[in-house]
Amino acid sequence: MRSVLRLLWAGSSLLSLSPAYATPDVSQFKKVDSLPDGPALPPTEDPAYDDNLMIWFNGGPGCSSLIGLTTGSGPISFEGNSTRLVANPYAWSKFGHVLYMDQPVGTGYSTASEPYPAIDNDRVTTQFYDWLQSFFAHFPHLQSKQVHLMGESWAGIYVPHFASAIVDNQDSFPIKLRSITLGDAPVGNPAAMSTVTIGKFLESQQSILQIPNDILAVFKEADETCGFDDILEQATQFPPGGSISIPGNPEILNYKSRRRSRDLGDMFTGSCNTQPTTAEEVRSSITQSSCSGPCATFSTAMDYLTTAAGRQCDFSIYDVSQDCSTIDSLSLLASYFSRADVQIPLNVLPFSSVTASNSASQPTPSPFSACNSTVLSTVLGSQSPRAPIYSLLPTLVTSHNISLHIFFGEYDMLLNHYGAELVLQNMTWHGTQGFSHPINRPFYPDNAAPSVSRYPHSSSNNRKRNSPTASGAGRFASERGVTYHLFWGAGHNVMASRPREMFAYVRDVVVAG
Ligand SMILES: *[C@@H]1O[C@H](CO)[C@@H](O)[C@H](O)[C@H]1NC(C)=O
Ligand SMILES: *[C@@H]1O[C@H](CO)[C@@H](O)[C@H](O)[C@H]1NC(C)=O
Ligand SMILES: *[C@@H]1O[C@H](CO)[C@@H](O)[C@H](O)[C@H]1NC(C)=O
Ligand SMILES: *[C@@H]1O[C@H](CO)[C@@H](O)[C@H](O)[C@H]1NC(C)=O
């Protein structure tokens with residue numbers, strides 16, 4: 001976009017303004033030309049893409065979209081493990097206007113009233129939608145753009161709900177919502193996204209995770225006795241044979257079950273910490289149901305991997321390939337964006353404190369944290385039921401002609417890609433269930449949507465360690481308005497490890513129509 005940073009702070013400031021205001025005042029929004037320790041920000045971008053407006057959301061809940069902006073999609077990113085900024089050659093702003101949204105309120109630089117107002121998903125959605133109307137009232141030239149909502153992780157919950165609010169109000173407030181993109185998002189039943197598929201994931205990453213054969217064998221044994229093999233078998237039929245059900249209530253995560261089911265967020269609050277290290281301990285952790293429920297493969301895998309000895313660096317559920325050289329980008333964000341000299345040009349410090357400081361010392365900056373734990377625990381802890389995401393998507397695609405793009409990184413264990421593939425094969429859109437062809441079309445670092453004729457189907461089984469080279473950047477499928485891309489060599493935050501590939505993806509998939 002022409003003004004990434006100028007619009008950055010709109011979230012907090014606009015939320016308090018009613019869209020009914022007749023003549024919105026945009027003079028409060030200042031254009032940012034450069035930031036401390038950073039390059040000049042790029043001026044205008046390719047006019048051919050001027051018709052697109054992408055709105056990006058990070059997840060959490062409660063994580064700032066500045067994470068997305070500075071880790072691979074925005075015009076600037078941190079240089080290595082430093083708080084110096086460099087220009088990012090893969091900025092998505094080449095393909096249209098990009099708006100980074102800090103929400104729910106309280107996230108990033110945005111502020112919230114007391115008591116905290118975004119107490120559940122419905123409130124989050126309503127507040128976003130009110131804000132969006134206000135945003136377009138302030139920037140009416142953007143309301144006619146082709147809108148693409150994009151989000152990662154928990155934002156995969158927000159985005160379909162936001163899209164539903166937009167289409168439900170289309171008559172009174174028309175918005176050209178063209179696509180929604182969900183990256184490493186909890187799109188499905190938590191049992192499908194974790195418990196049912198974790199054994200297959202562990203097997204695929206056995207060497208990186210250094211899992212001995214006897215331990216892996218226990219997970220495979222559980223997949224058979226718990227019926228997960230059967231489910232996985234059905235999910236690898238193209239086209240699938242019918243609705244894929246999950247029997248029972250494995251790990252108390254099956255939405256379908258009448259017994260109390262947990263949400264994915266609960267997974268990390270109630271670890272039983274069995275600390276299994278031997279095959280026998282792993283087996284009893286999976287089968288003892290008093291703690292995590294029956295067939296607790298996911299909790300056991302977490303407990304096993306976080307206790308397993310011999311690791312030099314901490315195991316990361318976000319990227320199982322992570323080693324000691326991994327940079328903690330959230331700390332970089334916190335230290336950089338907490339600086340007064342950064343908050344002044346960003347218009348974050350209240351004007352009065354800036355003018356007051358003219359002669360005297362610097363004003364006091366507000367502390368910035370990349371993720372806000374109050375927002376996280378409030379939204380995750382909400383008691384109100386929320387429709388599962390896979391139940392919202394078919395209507396958006398089928399009845400509203402909105403393209404759905406889903407992508408995953410192969411090294412993400414928090415939300416593994418087999419889970420997403422299972423959920424998609426169980427979903428019906430445009431009258432047909434799932435993909436009818438295997439998800440095995442290769443895509444390339446600079447071409448995210450090669451046509452089938454140019455690149456015939458090929459097996460990727462002979463890949464050893466996945467790196468996006470001649471063997472491709474990943475594999476994908478595209479049918480009836482839905483695309484799915486699996487990125488090699490990427491964890492939960494795909495753009496961070498694969499900015500070049502994501503750049504091509506945004507161009508060839510997201511804004512391509
Ligand atoms: C997190 O959000 C809460 C609620 O708005 C706020 O009170 C708190 O100051 C925020 N924390 C940080 C570190 O920004
Ligand atoms: C498939 O969809 C049905 C109907 O929505 C649901 O009951 C079932 O749990 C889903 N299965 C999986 C594996 O998500
Ligand atoms: C990055 O810098 C911090 C602080 O200087 C240091 O603690 C950390 O080990 C560094 N990380 C890497 C991967 O070099
Ligand atoms: C659906 O949207 C695409 C653009 O994304 C457009 O080309 C097509 O005509 C639309 N189809 C209908 C039936 O509206």
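A backbone N or O atom of Ile244 lies 2.6 Å from a nitrogen atom of ligand 2, and an N or O atom in the side chain of Asn426 is 2.4 Å from an oxygen atom of that ligand. Both pairs are described under the term polar contact, a pair of N or O atoms within 3.5 Å; within protein, one atom must be able to donate a hydrogen and the other to accept it, and residues adjacent in sequence count only if both atoms are side-chain atoms. The model is predicted: local features need pLDDT of at least 70, side-chain atom pairs count only at pLDDT 80 or more, and totals for chains, interfaces and linings use all residues. Residues are numbered from 1 along each chain as its sequence is written, chains are lettered from A and ligands numbered from 1 in the order in which they are written, and side-chain values use heavy atoms, with hydrogens and water left out.

**Ligand surroundings**

- Ligand 2 is surrounded by Asn189, Ser243, Ile244, Ile246, Lys256, Tyr390, Leu422 and Asn426, where a residue is near a molecule or strand if one of its heavy atoms lies within 4 Å of it.
- The protein covers 80% of the 360 Å² of accessible area that ligand 2 has on its own; accessible areas come from the Shrake-Rupley method with a 1.4 Å probe, and for residues only the protein chains shown count as cover.
- Around ligand 3 stand Asn81, Cys324, Ser325 and Thr326.
- Of the 360 Å² of accessible area that ligand 3 has on its own, the protein covers 30%.
- Asn81 places a polar side-chain atom 2.4 Å from an oxygen atom of ligand 3.

- Helices (H or I, at least four residues) and strands (E, at least two) are DSSP runs, numbered from the N terminus.
- In strand β1 (residues 52–57), 6 of the 6 residues are buried, buried meaning under 20% relative accessible area, exposed over 50% and partly exposed in between (1.4 Å probe, protein chains only).
- Both faces of β1 are covered, with Asn52, Met54 and Trp56 on one side and Leu53, Ile55 and Phe57 on the other.
- Strands β1 and β5 (residues 146–152) run parallel and are joined by 6 bridges; two strands pair if DSSP finds at least two bridges between them.
- Within this pairing, Gly151 in β5 is the bridge partner of Phe57.
- β1 also pairs in the parallel sense with strand β4 (residues 97–100), over 4 bridges, and Ile55 stands opposite Leu99 there.
- Gln146, in strand β5, is buried with a relative accessible area of 18%, and its side chain makes a polar contact of 2.6 Å with the side chain of Arg178.

**Helix α3**

- Helix α3 (residues 66–73) is largely enclosed by the rest of the structure, because 8 of its 8 residues are buried.
- The buried residues of α3 include Leu66, Ile67 and Leu69.

**Aromatic contacts**

- The structure holds 27 aromatic pairs; rings of Phe, Tyr and Trp (its six-membered ring) pair if their centres lie within 6.5 Å, with planes under 30 degrees apart counted as stacked, over 60 as edge-to-face and the rest as tilted.
- Tyr109 and Phe337 form an edge-to-face pair, at 6.2 Å centre to centre with 85 degrees between the planes.
- That pair links distant parts of the chain, 228 residues apart: Tyr109 is in the loop between β4 and α4 (121–138), and Phe337 is in helix α14 (residues 329–337).
- Tyr109 and Phe337 are both buried.
- Phe135 and Phe139 form a tilted pair, at 5.2 Å centre to centre with 40 degrees between the planes, and both residues are buried.
- Ring pairs link a cluster whose members include Phe57, Phe135 and Phe139.
- Arg480 lies over the face of Trp429, at 4.3 Å from the ring centre; a charge sits over a ring if NZ of Lys or CZ of Arg is within 6 Å of the ring centre and within 35 degrees of the ring normal.

**Backbone features in loops**

- The peptide bond from Gly60 to Pro61 is cis, with omega near -5 degrees, and Pro61 is in the loop between β1 and α3.
- A cis peptide bond also runs from Glu114 to Pro115, with omega near -10 degrees; Pro115 lies in the loop between β4 and α4.
- Asp184, although not a glycine, has a positive phi of about 45 degrees, and it is buried with a relative accessible area of 0%.
- Ile252 has phi near 55 degrees, a positive value in a residue other than glycine, and counts as partly exposed at 23% relative accessibility.
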